[in-house]
Structures are given as C-alpha cells and as structure tokens.
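Here's a quick briefing to read with the structure open. Have a look at the model first, then work through the notes.

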Amino acid sequence: MLSSWNESIHFFHLIGVPCSRWHVHRVIAINLSSYGLVGSLSPHIGNLTFLRTVILQNNRFHGEIPSQIGGLFHLRVLVLSNNSFGGEVPTNLSHCLNLKVLNLINNKLIGKILKELGSLSTLQTLGLSINNLIGKIPASIGNLSSLITLSIGDNHFKGRIPEELGQITTVEFIQLSYNKLAGIMPSSLYNLSSLDYIDIASNQLEGSIHPNIGVFLPHLTGLFVSENKFIGLAPVNYTKLKILVFEDNSLKASLVDSSIANLSTHINWISLGINKIHGTIPFRIENLVNLTFLSLESNQLTGNILTSMGNLHEIRALVLGRNKLSGTIPLSLGNLTLLNYLYLYDNKLSGEIPSTLASPTLIDVILSNNNLTGSIPKELVDISTIVLVFNLSGNALTGSLPVESGNLINVVDMAVSHNRLSGSLLNSLGKCVVMEDLQLDGNFFEGEIPESLQSLRGLEYIDLSHNKFSSNIPEYLGELPFLTYLNLSFNQLEGEVLIVGAFGNETIFLVQGNYGLCGGIPELNLSRCPTYSTNKHLVVKIVIPLWLCL
C-alpha cells in the first residue's frame, strides 16, 4: 500500500493521510476506507510511529496483519474490517495500550483470541466477528474495563461464556452469536445494568433465562437467544425492550395476558416461533401498538385468531403457522394496511377467505393446509405486489381460478394444489412471466393446457397432476430452459409424447395415468403409437359405355 508514497506525490498531500500540525511530515492517520485497494499491508507501516488512526475497511487487502503495528504506541483506532486478512491476530497488539477501537470484522483470521488483549484497559470496541477464530473466550476479556461494544460472533468459539464477562460494567453491546458456545448463561451477565443489546443466538446454550432479566437489565432493548436449548418460561418482564427473538428453543409456557402486559408498548419485534408454547393468543396483545413483526409459528397454540389483532396497524409480518388455531380468519385483518407477510398455514382455520385481506402491500400469502372453503376472492389475486409466494394449497376451496389471477405478475411461487377447484386454466396466467413454481395438482381443472404458459420461460417446477386436463401435451413444455420437474400424471391427456427436452428425461417428467398417451422414451412405459401405412390398394373401376352393349 505504501508504494504510492514516492517523490512525485508526497504523502503529505494524499487524501486520507493527514499529518501532525506540531511534528512536520509526521503521519498521524490513514483513512482510506472503500478505496478499492488491493494487495498486502506493508510491514513498513510500523515506521509511522506517530500514527493514531488506521482505517482501511472495505478494501481487498490480503495476507497477514503486520506485527509491526504492535509498535505503534500512539495508536487509538485500528479498523481493518471487510477485507481478506488472514493468519493470526498479532500478539503484540497488546502493546498498543492507548487503543480504543479494534475492528477486524469480516476477514479470514485464524487462531484464538489472545489472552494478552485483556491488557487493553482503554479499549472500547472489540470487533472480531465473521472470521475463523477457534478456542475458548479467554477469562482475561473481563479485564477490558472500558469496553462498550463486544462483537465476536460468527466464529468457531466453544466452551462456556466466561463469568468474567460480567465484570465489564461499561458494556452496552454483546454479540456472541453463531458459535459453538455451550453451558448456561452466566449469572454475572445480569449485573450488566448498562447493557442495551445482547445476541447469543445460534449456539448450544441451555438452561433458562432468568424471568426477571428485564429488571436486572433495565436498559435492554434487544434480546436475541434463538437457536439454542433454553427451556422454561419466556421472560417478558421488560420496560424498554424493542426486539425479542427467542425462537427455536424448548420454551414451555402459555402466553397469558399478564405477561404481555409487562412488555413495553415500544416493542416492535417479537419472535417466539419453534418452541412448545401453548394456550391461546392473549387479548392484551392488541396493546402492542408499535409491533411490526410477530412470529408465534410452530408452537401449540389453540383458540382463535383475535379480532383485536386488526388493531396492530404497524405490523408488517404476521406469522402464526403450524399451530392448532381454529375458527375463521377475522375480517379485521384487512385493517392491517402495512402488512407484507401473512403466514397462517398448517392450522385448523375454517370458513371463507375474507376479501378484506387484499392489502396492496402484501408480498407473501401462505394460507395452506387449513380447512378453508368457498372460492378464491378475486380481490386477493388482483394484487401485483405479491412477489414471492401465493399458497392456498391443502384446503377445500371451490370454483375456478379468478380471471384476475393473471394480475399476479410478480409472483414467483403459486400453489393452489389439493383443493376442489375446477374449470379451465386461464390464458391470463401467461402474464406471470417471473413465475418459477406452479402447483395446481389435486383439483378438477379440465380442458387444454393453455399455450399462453409458454411465456413463463423461468418455470422450474410444474405440477398439474391429478386433474382432468385433456388433449395433447404442448410441445413448449419440453423446451422450457430451466425446468427441473414436470408432473402431468393422472389426467386425460392423449396423443404422442415427444422425446425432446424435458420429455426425454424420466427423472423430471412424469405422465403415468394418462391412458391416451403413447410413444415417448422407453422409461415412461407408454404404449407404442399406432402406425398408418401410406401404401393404399389401387382400385380400378372399368366403366363400359352403355352404347357398346347394344
């Protein structure tokens, strides 16, 4: 990097390389963030003994961090994040006793956290996340008495979270997620009264979180403990909490009104999915007026979806799938005019789909595997904002696909399989040109497969099986360039099956149960198509004029 400092351009004039006012030609800072720099960091950086700040983040440096940096005794800020530095963290960085910020996030560093780093009593930020570091978190980390931010997630640390971490009374941000940490959450962490944010998700931690954690940590606004092995009750006694992510543990509790009442009305994110929470949805949930995300999926909740949930006007995602909820979908959910994601799948919901659900902000709608009846509301498919999934499969819906279904022009996955839908497929589906997955199996659709589907060149998965489609298989289906699955089984299709494209691959092309089909590759086990000879017997008729017989 230092090769640009030559006689033609003095480093004093380089942008991002200021010099001291009191010591002529002494560089005190290097700030070259996001300059697209490539190569290794020269060990000659150790000659810049007056350096206080080195910021080289968001470049493409590689190689090891020069150990000579450890000789920069005036250094206060070292930010090398978002590069490709490898090797171990230099041991002698512990000699930089004035260091306040050490940010090495998102590199390719190996080795362990040096216990010597515990001597950096002025360090306020330690960032080592997204590397390949191993070993245990050293107890000496508790000596970082000025630390405010600790980010060491997304490595390969194992062992227990050291009790000594609870000695850092100044810490406000702790991120230890995506490691292999085990054991229980140290009781000393409840002494960190200044803590604002703690993320210990995606480890192998067990035991329980103290139910009064919100009392011990009164300033806590973010708690992330998902994907561990925690048991017991979900702690909900908070006053300032904004984000609670407790999914994928083994919590056994019911959500009672008293617990919801203890949540701050400022909370905007609750994720308690994939646990063993039972009981009904509490009535007081309507008081959480700033809630933008609510996930209670994959639990054992019973009862109805509350009409009062229509008062959660700020909510963007409502995720209640894989429970035992019953009753009808409340009309009041149509009041959620900011809703993007509606997941009510795998419950016992009944009745008709309310047309009021048709919010112009919807991105995903998954209502599959319930007991819903009636027709598909035309208002629900007349929304071009749905860009990911439209899934109504596994219900008892009747009628035909609404003509407005062609307005789902941005949908990627469309599934209405295993219902009682009938009628012919609409040519308007040909407008859904970004569609990749089309599942219409297990219904009573009939008629020809429309030619307009050939416009859907991105289709990867097509299942039209177990319907009443008739006529020939359109040739274009075999020519779709990205097709990985085509199931036309158990219909009333007829005619010759070609052997081009997908039709020539029995692993992706299924046609059994269509007794009018013939030909195709041998692996399909279809009958041979009848052949018709072009040689016809010549019949000569001799006409004798009548006057010759007289």
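Tyrosine 178 counts as partly exposed, with 49% relative accessibility (buried is under 20% relative accessible area, exposed over 50%, partly exposed in between, using a 1.4 Å probe and protein chains only). Keep in mind that this is a predicted model, where local features need pLDDT of at least 70, side-chain atom pairs count only at pLDDT 80 or more, and totals for chains, interfaces and linings use all residues. Residues are numbered from 1 along each chain as its sequence is written, and side-chain values use heavy atoms, with hydrogens and water left out.

**Positive phi**

- Most residues other than glycine have a negative phi.
- Tyrosine 178 isn't a glycine, yet its phi is positive, at about 55 degrees.
- You'll find tyrosine 178 in the loop between strand E12 (173–175) and strand E13 (180–184); strands (E, at least two residues) and helices (H or I, at least four) are DSSP runs, numbered from the N terminus.
- Serine 471 also has a positive phi, near 75 degrees, and sits in strand E37 (residues 468–471).
- At 21% relative accessibility, serine 471 is partly exposed.

**Nonpolar cores**

- The largest nonpolar core has 147 residues, and among those touching the most other members are Leu176, Met309 and Phe390. (A nonpolar core is a set of buried Ala, Val, Leu, Ile, Met, Phe, Trp, Tyr and Cys residues joined through side-chain atoms within 4.5 Å.)
- Helix H3 (378–381) and strand E39 (492–497) are the elements giving two or more residues to this core.
- Another core lies apart from it, with 5 residues including Val319 and Tyr345.
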